[in-house]
Amino acid sequence: MNRFEVEQDPKSRDTYYLNMGPQHPSTHGVMRIKLHLDGERIISAEPIIGYGHRAHEKMAENRDYIQFLPNPSRVDYLGGMIYNIGYCQAVERAMNIEVPERAEYIRIICNELNRISSHLLWLGTFLMDLGAFTPFLYAFDDREKILDILDRITGSRLTYCYARFGGVILDIDDVFLDNVSNFCTYFVERLKEYEKLVIGNVIFRERTIGVGIFAPDLAQKYAITGPCLRAMGHVHDVRKDEPYGIYDRFDFDVPTQTEGDCFARTLVRVEEMRQSIRIIEQAVSDMPDGLFLAARVPKRIRPPEGDYYFCVESPRGSFGMYIASDGSDIPFRLKLRTPSFSHISAMPAVMAGTMLADAVAILGSIDIVVPEIDR
Amino acid sequence: MDWFSQYGFLGALLLSGIVLGAIPVVLPLIISPRARGRKSRETYECGMDTIGSAWVRFDIAYYLFALIFVAFEVDVLYILPIAVIYNSGTYVWRDFIELTIFVGILFLAIVYAWSKGVLHWRSR
Amino acid sequence: MKTDIIQLFENPYLALGVSIAVIMAYLSVNAIMLIWLERKLSARIQRRIGPQRGPFGLMQQIFDMGKLLSKELLTPKHANKLLYVIAPILVFAPVVALSSLFPITSTYIFHDFNIAIVLILAISGINVIGIFLAGWGSNNKYALLGAVRSVAQNISYEIPLILSVIPIVMITRTMSLYDITLAQETYPFILVQPIALIIFIISATAETNRAPFDIPEAESELVAGFHTEYSGMRFGLFFFAEYSNMIFACALATVLFLGGWHGPFLPDAVWFFIKVYALIVLMMWFRWTFPRLRFDQLMKFAWVVLVPLSLINLLITTLVLKIV
């Protein structure tokens, strides 16, 4: 018996404890939420994590910077490309490695395609949590198209290891650019269909409007970032606030809503997909020729002694990497700041007082990826 | 024989339903394998050991629905015999007025339940 | 002229045996076909192919049945054994008796009761008890939640269901389903009672625990609802009963609103089944299109929208009947 296994209070026969997870259809992975319920109402919720812990941070302390390259995409398997590229960018900044123009553009396209695929998966699973099974398969169908495009150039479909320090491992071709622009035109139309099918549905609105409202002070207390923060009315996007790579060259909006409920989070994410398409279209039309991998990259990656922090916008929020280097080719400490972990920490505050069905909706709407929580 | 051609027939069908329902439940006892796992007969709660029994005193909100239901169901069943003879005899407008009063009272029951907050789930 | 099955065979015991055989054969085939239809239909809606075993995937259900039959029947250690075991049988039991109540053709029927509507409502009520026993007997919190939800939902939607039937009884002045069908010779009652039909379909969808009213077995919240602890053929019985209940709900709607066996060119029974299966396809379409409601919203919808609406519909019917 560990400290979480609180015995049921024998005096209170009205309430009961219910394990939601680790093996439950709507926890999206191996995670457990211990609910204290009174009938259908949640008195308190306690997320219990660690079932999928793989010690990525510890691994980083035992291998050099290049050997750690495949790991970041395993931390968040839905935003693998963004994590992979983000890690490279962090090391590049520490080492002052110049990245060729073409590589930067390729990275932007891959990043945003990855973001759309992650949001699509979220849309599908969120609606499945609400009981609608059909949009799930529609979203997966479209996501498959993105995976095919990325698969062609990177060789993998989920856990990418495409970026290298100083660029990307393989050059793209015209077929890739054609595929991407075809997908963009197709997907803009599809997005309208999704909006009609999902956003306009009365039952969907009933289930999401006013459900799972993040209180205004919650963002600061729990470091909420990403679409969840933007749904609360804060304009915050790492791509805009502290542009990394070449994000400052692109013209895109940061969609926000003010309500902070599940419905607002849905609207923000759907609009974000549209903005990603805008970025991709600009990147495809401006794609320069040149090198895809910097010609002069140091053979041994040894960031100068010191602390480095680098932050990228993942589909779920801001993903930060804190590298403490002692000047050797093995990081002294590599801390990963993952958005899902912050969001799941806020769950007790958000879920208390709601109904059981709302808990599922809230958990679905914040878009958690369990391996990212456990790392 | 007359009783049988009426409700006895239906009762026999009901009984046969129980017998037929028992067959597929008994059959696997003979043909199915047996598991020997220690945990296979534990209560399922997402793979964790359960915390306390499920036999708790459950939320009152459900029982309130049961109470309105009992009141309503009986009242609604009273309308059925009226419906069969409605507008058939020498009632002229009497049956209409009486039914309107009856349904009106039923309406009041909903209004009462509504105002007492039965239909609004308690928040917190 | 109608002939019921006892008059046909002149020996009530023979008639009983034949009835049971016919009904069980039909229901088994029907359940298999409906599961197949649901899976194929959902696959088409979701741009998938669906089951592929055998011609058109028809064998899939036969194999599934075999699999369910050969599964071990686990009884949870902490369950109330008696309640746990009898619950699926109780859910299944009314199925046979209910089937015998519908007039499928104009000539041969099982039996024509003059209070058939009340009988159908009463016998289908047994189902709810079975579901509650299943949930309570399992001693599983998910099952318990599913069971209380199911009971609250079933009883709440029973009221608008009955209230939407009463206008038909008023128009025809009979509760015999055979006579109600006869009264629709010239036009089906959907033309005079469209609101009642809509209320009936919604309530029937809720009564059969199907999406968007499937909260008793909402898999994203309650894993499997009241049958969480059931495996093998015990689960199969719940499944069987669910699909059979769909048939009854749609058959009742057909008799009351769509004119039963009436229709041109084709034989009686064919028309009856065409109408029933058209309604079933509609119910399946609901399931694969809509998200699920939350429980309090569901209850509110029953008591705040459906019950008042059906009462108003009833009053309007009485008024119109007086004037016309």
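**Briefing: chain contacts, core and sheet in a predicted model**

C:Ala152 lies in helix α8 of chain C, where helices (H or I, at least four residues) and strands (E, at least two) are DSSP runs numbered from the N terminus. This is a predicted model, in which local features need pLDDT of at least 70 and side-chain atom pairs count only at pLDDT 80 or more, while totals for chains, interfaces and linings use all residues. Residues are numbered from 1 along each chain as its sequence is written, and chains are lettered from A and ligands numbered from 1 in the order in which they are written.

**C:Ala152 and its surroundings**

- C:Ala152 counts as buried because it has 23 C-beta neighbours inside 10 Å; a residue is buried with 20 or more other C-beta atoms within 10 Å of its own, exposed with 12 or fewer, and partly exposed in between, the C-beta atoms being placed from the backbone.
- Leaving aside neighbours within four places in sequence, C:Ala152 is in contact with B:Tyr62, B:Phe65 and C:Met299; contact requires C-beta atoms, placed from the backbone, within 7 Å.
- From C-alpha to C-alpha, C:Ala152 and C:Pro216 are 9.6 Å apart in space, with a separation of 64 residues in sequence.

- Contact between chains C and B involves 66 residues of chain C and 59 residues of chain B.
- On the chain C side that touches chain B, two or more residues come from each of α2 (12-45), α4 (81-92), α5 (94-99), α8 (141-172), α12 (232-257) and α14 (295-323) of chain C.
- Helix α14(C) gives the largest share of that side, 14 residues.
- The side of chain C that touches chain B comprises 41 nonpolar, 14 polar and 11 charged residues; Ala, Val, Leu, Ile, Met, Phe, Trp, Tyr, Cys and Pro count as nonpolar, Asp, Glu, Lys and Arg as charged, and the others, Gly among them, as polar.
- With chain A, 22 residues of chain C are in contact with 25 residues of chain A.
- At least two residues each of the side of chain C that touches chain A are supplied by α11 (219-222) and α14 of chain C.
- That side has 10 nonpolar, four polar and eight charged residues.

**Chain B**

- Chain B has three helices and zero strands, in the sequence pattern α-α-α.
- The radius of gyration of chain B is 25 Å, well over the 14 Å that the globule rule gives for 124 residues, so chain B is more spread out than a compact globule; the radius is taken over C-alpha atoms, and the rule is 2.2 Å times the number of residues to the power 0.38.
- The C-alpha trace of chain B spans about 75 × 60 × 15 Å along its principal axes.
- Buried residues account for 21% of the 124 residues of chain B.

**Nonpolar core**

- The largest nonpolar core has 240 residues, and C:Ala147 and C:Ala253 have the most contacts inside it; such a core is a set of buried Ala, Val, Leu, Ile, Met, Phe, Trp, Tyr and Cys residues joined through C-beta atoms within 7 Å.
- The largest share of this core, 20 residues, belongs to α8(C).
- Beyond four places in sequence, C:Ala147 touches C:Ile131, C:Phe132, C:Ala134, C:Gly135, C:Trp136 and C:Phe226.

**Sheet in chain A**

- An open, antiparallel sheet of three strands in chain A has the order β6-β7-β8; strands pair if DSSP finds at least two bridges between them.
- Strands β6 (306-314) and β8 (333-337) of chain A are at the edges with a single partner strand each, so one side of each is left without a neighbour in the sheet.
- Five bridges join β7 (residues 317-325) of chain A to β8(A), and A:Tyr322 stands opposite A:Lys335 in β8(A).

Notes. Two residues are in contact if their C-beta atoms, placed from the backbone, lie within 7 Å.
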